[in-house]
Amino acid sequence: MKMHFCIPVSQQRPDALGGRYTLYSVYLDGLLFCRVRYSQLHRWNEQLRRVFGNCLPPFPPKYYLAMTTSMANERRDQLEHYLQNVTVDPNMLRSDVFVEFLKRVQLDTFSITARKAALDVLLPDGRSMEVEILTSDTAERVLEVVSHKIGLCRELLGYFGLFLIRFCKEGKLSVMKKLADFELPYVSLRSSELENCKVGLRKWYLDPSLDSMLMDCRAAVNLIYMQAIQDIQGGWAEPTQAQRQKLEALQEEGNQTKFLELSREVRHYGCVQLDPCTCDYPEPGCGAVLSVGNNEISCCVTLPGNQTQHVVFPMSRVKCWQVTFLGTLLDMDGPQRTLNQNLELRFQYSEESHWQWFVLYTKQAFLLSSCLKKMISEKMAKRAAENPEMQIEVPEQGKRKKHHIQQSQQKDYSSFLPRTSKIKTAEGDCVLGTPEEEGL
């Protein structure tokens, strides 16, 4: 599936010969990822083409005369679509040509040299663990270092991920984004401009039944056990009073297996909870708290009279979704490093045989979109396991444990909308009964 790359702004810069060139600000999941020139991306595309041939998406052509404003905007849009589409092929994502270029531009953009460094990684129980890394180490490499230090089985790495996590008031944590395998955690942390932010280790699956895949590894069980305790204490999972008493007794006994078995019966166990946001349901301006996981979107809506209403959207009823940036980027000393303000995510769902839109205004729109994609990939992987003739390529987790899919069955709309635009609806979008992305 496509990644959340976008180029909402570009800048004109003077070159050494007295001319000018365009510098494109590339964002990934709402945070500034790098700044690059067209010529750098063009050379990178040529290198990728030598390795992968004509399976690459089209690259915008060179212009030998001065570009008009409309031509410049068109090139920016084309480069954005190229970056989104080039990430669809998991083999390309793992290639040295792909990774080494993105490592270099991340370091260059933020003027960070490749050197040894110490990185504090937040564990699910709130403790920090210091690891020795290189500033040029990718998230995939840092995860390997962390897993080796805690004794996590290598074949289970795909069930975990590194995240940017911010601590809010009263010690509550807020997950800002999942770090892509090719991102540099040291650079992403230093460049994020987010206060009280750390790189954290968390499980990265939203189907609670997948806990069973980890039970033979003591380190993996420790991690998901610690995260279950943290999620219950933080209010992400909501046990009944009776469940809470049983869980406390099992915790005192140190019975992790039974604790996790009971946790899987707890409401919202294994879900990602978003920070409070606003929505348009049942009317504009209502407060909302979302929990995403277990193949559903659960929303607690605060109505104008301060009453609350719980609404659940099973993923089987969701057709597509779209992320839109509604604001304008500051462009004084360079564009701001985050798009997390003025983001909208809307998803289309079926209710009484009619398609309707549910609109959310949340700074975690990209994280929510990533969670929706994750639930789809897990559902498709489960289908593939049940039907061996159907082959599917599972993003991210499939990096270590592959399933294969026929590409024609993995339809995907994935273009981030940098400004408010007309929403396109296509009645035939549903493929294999699963939702799709439209404008990520």
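Predicted model: local features only at pLDDT ≥ 70, side-chain atom pairs only at ≥ 80, totals over all residues.

Reader: Which ring pairs with Phe-259, and how is the pair arranged?

Author: Tyr-225 does. The ring centres lie 5.1 Å apart and the planes meet at 75°, so this pair is edge-to-face. Edge-to-face needs an angle over 60 degrees.

Reader: Is Tyr-225 buried or exposed?

Author: Tyr-225 counts as buried, at 10% relative accessibility.

Reader: Where do Tyr-225 and Phe-259 sit in the chain?

Author: Tyr-225 is in helix H7, residues 218–233. Phe-259 is in helix H9, residues 256–263.

Reader: OK, zooming out. How many aromatic pairs are there in the whole structure?

Author: A search of the whole structure gives 18. One of them is Phe-5 with Phe-182: centres 6.2 Å apart, planes at 10°, so stacked.

Reader: Why is that one stacked?

Author: Because its planes are at 10°, and planes under 30 degrees apart count as stacked.

Reader: What parts of the chain does the pair of Phe-5 and Phe-182 link?

Author: Distant ones, 177 residues apart. Phe-5 belongs to strand S1, residues 5–14. Phe-182 is in the loop between strand S7 (173–178) and helix H6 (185–191).

Reader: And are those two buried or exposed?

Author: Phe-5 is buried, with a relative accessible area of 2%. Phe-182 is buried too, at 3%.

Reader: Which cluster do ring pairs link Phe-5 into?

Author: One made up of Phe-5, Phe-33, Tyr-38, Trp-44, Phe-59, Tyr-82, Phe-98, Phe-101 and Phe-182.

Reader: Which charged end sits over the ring of Tyr-38?

Author: That of Arg-75, 3.7 Å from the ring centre. Elsewhere, Arg-37 lies over the face of Tyr-21, at 3.8 Å from the centre of that ring.

Reader: New topic. Where does Thr-109 lie?

Author: In helix H4, which covers residues 96–109. Thr-109 is buried, with a relative accessible area of 16%.

Reader: What does Thr-109 touch?

Author: Cys-34 and Arg-35, leaving aside residues up to four places away in sequence. With Arg-35 there is a polar approach: a polar atom of the Thr-109 side chain lies 2.9 Å from the backbone nitrogen of Arg-35.

Definitions and conventions
Residues numbered from 1 in each chain as written. Heavy atoms only, no water. Phe/Tyr/Trp six-rings, centres within 6.5 Å; stacked < 30°, edge-to-face > 60°. Helix = DSSP H or I, 4+ residues; strand = E, 2+ residues; numbered from the N terminus. Buried < 20%, exposed > 50% of the residue type's maximum accessible area, 1.4 Å probe, protein only. Lys NZ or Arg CZ within 6 Å of the ring centre and 35° of its normal. Polar contact = N/O pair within 3.5 Å; in protein donor to acceptor, adjacent residues only side chain to side chain. Contact = heavy atoms within 4.5 Å.
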